[in-house]
Amino acid sequence: KKKTMHLTSQQQHKLQDANECASNSCLVMIGCQLLACVIIRHRQTLEDFAQQYYVIAAEIACQRSVQGKRKILRCCGPMVGASELAFRLTVRAFGIDLTWTPMIDADGFTKSYLYRKEMIQFHDNDPTVAQLGGRDRTNIIHAAKLLAQVDQVKAVELNCGCPMRCARKGRYGAFLLNEPDLLCSIVQGMRSALHGKALCAVKIRIYKNDPLRTLNLCRRLTSPQECGAQILTVHGRSVCKEHDADWNIIRQIKTVIPKHVLLIANGDVRSLRQLRLCAAFTACDGVMAARALLKDPESFSVPSDRSLPDSSIRGCALPPFRAALLYLKWVEIVGAPWQCIQRHLTEILERPLRQAPHLRKQFTTLRSNSSSANELESLYKALNALSLTIDSHQQDTTISRTQPPSSSSPVVVSVR
């Protein structure tokens, strides 16, 4: 008790949260008592103790959720210049349950047919969430109506989580949170415009040092009497991004929103273990990640997810080459902008390229016609050369162009 009096308010909250986790299980209490003995012996600080206390409680809750086979949605979040159709299909092959499109500018989508043609590309194997950005209520509602006409769009989401400079300048994204009345009006209009053809979704960030304000906003957004959002994605950071993701506030949000609303947690999830910990601690329905999947599309996969249809892909012993090869095969089917191809290959193959820097140029000098047959053939050869350079003993087969992973043709929808 004497040591507890010297804790700051933030440390006391952490300790209180840990106690709440531990109170549900005698097993957790025993584990924490053993940990306390270790901590006293090694003279660690009470703040570290509270953090380890929380990890043990969440770990045991995680084991219970796995044993109970509670279904947790594994989600690939929206990324500017990286969430194109070929990449969405790639991560789906490695266990991702739900994908997001890149943010679609509602104003441009409503006014420009060429922009609609560029942004609307879906596949039967990829039911997805279309994310809209903007602050003009009329244009957002019109864009939501157009997207609801596409069969593969299962939900339309309003982006209130983007902290980038362009969002600050246009007062949309996370900066729309400063105008809660306008935000709720837009979501209410979206829900009415969708007419049940697609779910109404919202993604938000939390308010800095103001959990009560965050909880009140979530109540408004999900209340059937006010906004009626059916999917709520919460990024556990504020706009300033100066702190780690706060899973505790996400857990509190789960207790104040209606039970039928899907809550998706986002922030500081980089592996399958962290995904399970986040799901167990927050009691959320799904966990979203973006950067982790950008670097390793297999981040959230389990062995049962890796039953890939193509023998040449299964023959790749190393995950980076397996994911890169599958991505190229989807590019061959559905196409992709050359900027996206270059970014994905350099991200996925970052570690191998460090060991073979002389091959980096073959992946970073793509031209605008990279989806053509000749350019793809050169990428396959470069990928094969890199795999042989890194570890020729672990590669059972060389990488070659074989049949695509699916014979089904892409569904490209143009909304007029």
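**Charged pairs and their surroundings**

Modeller: Happy to! Let's start at Lys295, which has a relative accessible area of 43% and so counts as partly exposed; that class lies between buried, under 20%, and exposed, over 50%, using a 1.4 Å probe and protein chains only. A word on the ground rules: this is a predicted model, where local features need pLDDT of at least 70 and side-chain atom pairs count only at pLDDT 80 or more, while totals for chains, interfaces and linings use all residues. Residues are numbered from 1 along each chain as its sequence is written, and side-chain values use heavy atoms, with hydrogens and water left out.

Lys295 pairs with Glu350 in a salt bridge, their closest N and O atoms lying 3.0 Å apart. Glu350 is in helix α18 (residues 350-355) and Lys295 in helix α14 (residues 291-295), so this pair ties together parts that are 55 residues apart in sequence. The term salt bridge here means a side-chain nitrogen of Lys or Arg within 4 Å of a carboxyl oxygen of Asp or Glu, and helices are DSSP runs of H or I with at least four residues, strands being runs of E with at least two, numbered from the N terminus. Glu350, at 25% relative accessibility, is partly exposed as well.

By the same rule, the count for the model comes to 14 salt bridges. Another one joins Asp97 and Lys71, with 3.3 Å between the closest N and O atoms. Asp97 sits in the loop between α5 (85-93) and β2 (98-100), and Lys71 in the loop between α4 (46-67) and β1 (73-76), so parts 26 residues apart in sequence are tied together. Asp97 is partly exposed at 23%, whereas Lys71 is exposed at 54%.

A third pair is set inside the fold. The side chains of Glu298 and Arg322 meet in a salt bridge of 2.9 Å, N to O. Glu298 belongs to the loop between α14 and α15 (311-314) and Arg322 to helix α16 (residues 319-334), so the pair links distant parts of the chain, 24 residues apart. Glu298 and Arg322 are both buried.

That brings us to α16 itself. Of its 16 residues, 13 are buried, so α16 is largely enclosed by the rest of the structure. From first C-alpha to last it reaches 23 Å, close to the 22 Å expected at 1.5 Å a residue; the expected span is 1.5 Å times one less than the number of residues. Just after α16, Gly335 takes a positive phi of about 80°.

Among contacts (heavy atoms within 4.5 Å) with a separation of 6 or more, 71% are between residues 24 or more positions apart.
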